[in-house]
Amino acid sequence: MGVQNAKARIVLSEHAPTTIMTGNTTQIVIDVVELLSPGSTQKEAARTRLRKMVPPLCGFAIGAVLGALAFSFLSFWCVLPPVLILLALALM
């Protein structure tokens with residue numbers, strides 16, 4: 001998926017990415033490499049993208065860890081609260 005997203009970001013940049021978080025992670029790695037490359041001409045653009053993309057990635061990672069911990073303690077029952085919330089919203 002990383003290769004797919006790198007191609008979408010570098011070669012097919014006019015098209016929308018086919019994945020979200022993998023695409024964001026790929027762009028973050030591309031931007032970090034850009035910042036670490038001597039003679040790079042896109043450093044300011046990379047910094048701007050990193051400021052925008054790193055916080056959502058951190059939030060996603062924290063949510064994934066908390067979800068894994070909830071599953072390890074509560075088993076499949078950890079899915080019940082979100083399902084109930086979605087059902088309540090659907091009924092509204």
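Where does Phe-60 lie? Phe-60 lies in helix H3. This is a predicted model, where local features need pLDDT of at least 70, side-chain atom pairs count only at pLDDT 80 or more, and totals for chains, interfaces and linings use all residues. Residues are numbered from 1 along each chain as its sequence is written, and side-chain values use heavy atoms, with hydrogens and water left out.

**Overall fold**

- The protein chain has four helices and zero strands.
- From the N terminus on, its elements run α-α-α-α.
- Helices (H or I, at least four residues) and strands (E, at least two) are DSSP runs, numbered from the N terminus.
- The radius of gyration of the protein chain is 18 Å, while a compact globule of 92 residues would have one near 12 Å.
- That radius is taken over C-alpha atoms, and the globule rule is 2.2 Å times the number of residues to the power 0.38.
- The C-alpha trace spans about 55 × 25 × 25 Å along its principal axes.

**Surface, contacts and charge**

- Of the 92 residues in the protein chain, 16% are buried.
- Buried means under 20% relative accessible area, exposed means over 50%, and partly exposed is in between (1.4 Å probe, protein chains only).
- The protein chain exposes about 6900 Å², and carbon and sulfur atoms supply 75% of that area.
- Accessible areas come from the Shrake-Rupley method with a 1.4 Å probe; for residues, only the protein chains shown count as cover.
- Among contacts with a separation of 6 or more, 26% join residues 24 or more positions apart.
- Contact means heavy atoms within 4.5 Å.
- There are 7 positive and 4 negative side chains, and the centres of the two sets lie 3 Å apart.
- Lys and Arg count as positive and Asp and Glu as negative; His and the chain ends are not counted.
- Each charge is placed at NZ of Lys, CZ of Arg, CG of Asp or CD of Glu.

- Lys-7 is found in helix H1 (residues 2-10).
- Lys-7 counts as partly exposed, because its relative accessibility is 46%.
- The C-alpha atoms of Lys-7 and Thr-22 are separated by 12 Å, with the two residues 15 apart along the chain.
- Gln-27 has its place in helix H2 (residues 21-36).
- Gln-27 counts as buried because its relative accessible area is 8%.
- Leaving aside neighbours within four places in sequence, Gln-27 is in contact with Arg-9, Arg-49 and Met-53.

**The loop between H2 and H3**

- Ser-40 sits in this loop.
- At 18% relative accessibility, Ser-40 counts as buried.
- The side chain of Ser-40 reaches the backbone nitrogen of Gln-42 at 3.4 Å.

**Helix H3**

- Glu-44 has its place in helix H3 (residues 43-74).
- Glu-44 is partly exposed, with a relative accessible area of 48%.
- Glu-44 and Glu-34 are 10 residues apart along the chain, and their C-alpha atoms are separated by 9.8 Å.
- Phe-60 is partly exposed, with a relative accessible area of 47%.
- From C-alpha to C-alpha, Phe-60 and Val-79 are 17 Å apart in space, and they are 19 residues apart in sequence.

**The loop between H3 and H4**

- Ser-75 is found in the loop between H3 and helix H4 (80-91).
- Ser-75 has a positive phi of about 60 degrees, although it is not a glycine.
- Most residues other than glycine have a negative phi.
- Ser-75 is partly exposed, with a relative accessible area of 40%.

Conventions:
Polar contact = N/O pair within 3.5 Å; in protein donor to acceptor, adjacent residues only side chain to side chain.
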